[in-house]
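User: I want to learn how to read a few features of a structure. Please take them one at a time.
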Amino acid sequence: MKTILIYNVNKEIPSNTTGVYKIIGLEKNGQASKINRCLGIDAEGTIYIGKAVDLQRRLTNFKKGVFPQWTGQGHIAARRYNKILSFQNKFPPERLAVRIEIFESDEIAKAAERRALDSYVEKYGDNPPLNRQ
């Protein structure tokens, strides 16, 4: 999976690209943050797993929801992020990144998203922090 800073999603992801994405939190040194979970430590720093028919549009909506200079709250993870002050303190917008995996169709991406979420829950005992519980 390619890692891209949230700030750059509209520049680095082609439009109309279908895929699965993981929003991750970064430490000050740019490395993935280690997040304590119920059954272990998530060393990849995953805070949200999702899929989109147009990754650029979906992730730009997230970016607009978390960066104060833009307006918009169309992405559910951005709304959850903005409601939790500790997330904003631990992972300011400039320390959020995304890892993407591109697929040929929405159907394949849906199955891949389900596998990614199921795998996360199996490994850590719960969903990523900004996914629905």
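User: Is Pro 68 buried or exposed?
Analyst: Pro 68 is exposed, at a relative accessible area of 74%. Exposed means over 50%, buried under 20%, and partly exposed in between, with a 1.4 Å probe and protein chains only. Pro 68 lies in the loop between α2 and α3. This is a predicted model: local features need pLDDT of at least 70, side-chain atom pairs count only at pLDDT 80 or more, and totals for chains, interfaces and linings use all residues. Residues are numbered from 1 along each chain as its sequence is written, and side-chain values use heavy atoms, without hydrogens and water.

User: How are two packed helices described?
Analyst: By the angle between their axes and the distance between the axes. Here, the axes of α2 (residues 55-66) and α3 (residues 76-83) come within 8 Å and cross at roughly 20°. Axes are lines fitted to C-alpha atoms, for helices over the stretch in contact; angles run from 0 to 180 degrees between N-to-C directions. Helices are DSSP runs (H or I, at least four residues), numbered from the N terminus. α2 and α3 are therefore roughly parallel, a label for angles under 35 degrees.

User: Which residues of α2 and α3 make the contact?
Analyst: On α2, Arg 58, Phe 62, Gly 65 and Val 66; on α3, Ile 76, Ala 77, Ala 78, Tyr 81 and Asn 82. Contact means heavy atoms within 4.5 Å.

User: How is a pair of aromatic rings described?
Analyst: By the distance of the centres and the angle of the planes. The whole structure holds 4 aromatic pairs. Phe 87 and Phe 91 have ring centres 6.1 Å apart and planes at 45°, so this pair is tilted. Rings of Phe, Tyr and Trp (its six-membered ring) pair if their centres lie within 6.5 Å; planes under 30 degrees apart are stacked, over 60 edge-to-face, the rest tilted. Phe 87 and Phe 91 are both buried.

Definitions and conventions. Helix = DSSP H or I, 4+ residues; strand = E, 2+ residues; numbered from the N terminus. Parallel < 35°, antiparallel > 145°, perpendicular 65-115°, else oblique.
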